[in-house]
Amino acid sequence: MRQKQIISSPLIGEEMIKITHESGLTVYISKKDFGMSYAVFGTRYGSIENTFTVDGERTEVPHGIAHFLEHKMFESEDGSDGFEKFGKYGADANAYTSFDRTAYIFSCTENFYESLEVLLRMVTTPHFTEKNVEKEKGIIRQEIKMCEDRTSYRRYYNLLKALYGNLPIAIPVAGTVESIGKITPELLYKCYNAFYRMSNMALCVCGNLDEDSVMEIVDRVIGNRSVGTVLPEYPADDLEAASGFISDEMDISKPIGAIGLKIPLNVKNEVLDILCNAVFGESEEFYSSLYEKRMVNHYDIGCDCVRNAKTMIIEFDSDSPKKVYEGFLKHIEKIRIDGVDVEAFERAKKTEYAETLRKYDSSISVAEAVFDGFIDGNDFIGLAERYSAVTADDVNQLAKQIFKKESTALSVVCPKGYIEAEKD
Amino acid sequence: MKVEKMNCGDGIEFSVLRTDKFKNDILVVNFLMPKTEKNIAVGNLLSKMFLRGTEKHSTNLGINRVLAGLYDASVSVAHIALPDAMCFRLSCNFVDDRFIPDGDRTSVLSGVISMIKEMLEFPLTDENGNWKEEYIQSEKSNLLDELRAQKNNKDSFALRRFSEIWHEGMSMALNSGGTEDSITEVTSADLNGYLGEMKKTAPADVVFAGNYTAFKEEKCLEFIKFLSGLRSGCKTNYINAVPEIAAAEKLKEVREKTDAKQSRMLLGYRIDKSGASRYARSVFCEIFGGSPTSRLFTNVRERLSLCYYCSATYSESTGELTVRSGLDAENRDLAADEIARQLKLLADAENISSGELEAAKKGLVNMYKSINDNVYAYSSWYLSSKLCGLDTDIDNYVSGVCEVTAEQVAVVASAVKQEISYILVGNVKE
């Protein structure tokens, strides 16, 4: 039975349509007067869904298979290529995979409905053969090597390793040169059939669009596909068991660091964002005093909220990453006891409000934010209201709950031979 | 979006991109300065010093707090290298007043303009006009770190080395991060000299993009008047952002080593602009290596599986075509041969299918029209086109591209001459 809702944000005067299709697919349509339209068709399936059970049969797959599958979805049985089909209509197509999602996207200024049909057909008709799977391994090996040369990539995954040990969240999304060697067409079909079920997927479109035309294509291409039962396994994590310090060496000029803090899964993302900004934002004492003392440069903060892991991360360049980490530990202890400064809390709320508004300024950012909301289980349209409802008490309680040394780790990537000097 | 341009005299131009589609507005001020090794270092340092404080807000924290209070308005200061000039850019991005919640009467634009006026007129100096030495040393140290860190990112490092070697002896070869010596030598007097020249004689472009109400018009015009007041009657310098470039006489082949898992190959070509229109050159680049349906993507990556990326970009201002790919060094010749083969094939119009041509044209039209739909992309595209003396009307591009024929693309392909082959070899067996 199809269900349709108009969902809205009175605070910023926006609304959109949410439809649960007969197939189980969730469709979001945001009508905006933009010249460019954008579509995301994606699934709640990423690199962390590495072990799963379908109808009682348990399967464990090689790391990197979700990303590999995404690459292969662009090939069709007739030998044609997905990019070519989009190109015929002038649409710009792409795809991405992360820890907990895979998304297929396109943008265009003309021929939206033709391109939408290409997108839906491409993602619902897999074609994996021994030959095309082997061919892809060469391309993805190069992608992995390119990423492994990036200092920020090494710093990030080392941090996750320190925080989460051997859990799938700590394995690179694309896998390793070794793991992708084990991928076969049979395994790809198993993953596809398990996770590309319509009840696990969403279509998010934004632009100057007509609801009936979008749904006519959905009806025609998606139809009423059967829904099976899939149980992904997420190994349990001990929130208070992080390894504290991890280091690596590369051909770089000065150390770079990242501090991570594990967050319980039931914490509301909006409260977490405001706490993170009010304590570690660039308008606050913590960052400012480090910068004034010349202890950090290229400083960045953020919260990675994935289905089975939430992490607050601070990244920076520094000659003394360990001193920055010591300062961080002292600061979280102070905030845990004293609470967050009231003015900092107000500044952080304004920042999040402005950040939400920015997402409404292009069809890409609207549709992507809506898809983010689907993955997180919250409609994007209510985000400004959810931020507005956060109180200083919420933020202080969260600080008391999560600011613990045992949940933190420091990842450092140093120039070769630098580690000894850092001990001073 | 249509641009309304005003020549305000004193070398100042003001452009308004009027639209109420968006919830944020942009105000950008560009000053064009000569490109020299010294100016690069001084301008880079000045861009950092602007954010360390003003007379009224004497710390970085003070500035950040004012901006955060203005609904997270941002004022970024950048010193950008153009082919033959430097652009000192103050750019502000802020929530449109319509979306400020009831009960908060903040005028964000007024606050943002006050901040950039303070940066220009009342920077953080002492009674003798000297910049704070502690901050100078701190920011020099950051600039030196950034310069040394260029080798950390192998992709951009390879591109920089490629450009330095290709453009040896030209201003385009200058490192946009400066040099160790030039950064170390900057003094407080140099900062004042650069700032004084910039305020008094540099050609200035001001762009507002967004919901341009009568109130905002009043504020922007007041700001233009303020900029005119800084001129003190001085004559504006004429600065050309693009140099005259002579074709190379022989092919440069350079091989360098690095500590990395992947090798980076870059090939540089010059396109003779006399044979076809700029639209034909854009379509050629799109077919050759500009998209996932291009010759390079479908052959070097998809058919031969040699790399994750192999793409081409073209700069109309310099007439230069650059092909980039990340691969194993042992596959370098295979990839380079295939790239040369595809280039040769495109020199014959018979080898360009109508489907391929139409897809490339549609892809470009989509790209140009998309720029029109994003206030950030549009203001950035408008300014870079204008600074390099290129047409700033998107409709002209769209209609020009639509008329390109396969024969015109072939003319461009046959006018492409390779000038450099560069590879940064990683730690793999060769």
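Trainee: How far apart do the C-alpha centres of domain 1 and domain 2 of chain B lie?
Mentor: Residues are numbered from 1 along each chain as its sequence is written. In this predicted model, local features need pLDDT of at least 70, while totals for chains, interfaces and linings use all residues. Chain B is divided into domain 1 (3-230) and domain 2 (252-425), with bounds from an automatic or database domain assignment. The C-alpha centres of these two domains are separated by 31 Å.

Trainee: How many residues of H9(B) are buried?
Mentor: Buried means under 20% relative accessible area (1.4 Å probe, protein chains only). Among the buried residues are B:Arg278, B:Tyr279, B:Phe284 and B:Glu286. H9(B) is mostly covered, the buried count being twelve of its 13 residues.

Trainee: What is the handedness of the crossing of H10(B) and H11(B)?
Mentor: H10 (residues 295-303) and H11 (residues 332-346) of chain B pack at about 150°, with axes 10 Å apart. Axes are lines fitted to C-alpha atoms over the stretch in contact, and angles run from 0 to 180 degrees between N-to-C directions; contact means heavy atoms within 4.5 Å. A crossing is right-handed if the near helix is turned clockwise from the far one by less than a right angle, and left-handed if anticlockwise. The crossing of H10(B) and H11(B) is right-handed.

Key
Chains are lettered from A and ligands numbered from 1 in the order in which they are written. This is a predicted model: local features need pLDDT of at least 70, side-chain atom pairs count only at pLDDT 80 or more; totals for chains, interfaces and linings use all residues. Side-chain values use heavy atoms; hydrogens and water are left out. Buried means under 20% relative accessible area, exposed over 50%, partly exposed in between (1.4 Å probe, protein chains only). Helices (H or I, at least four residues) and strands (E, at least two) are DSSP runs, numbered from the N terminus.
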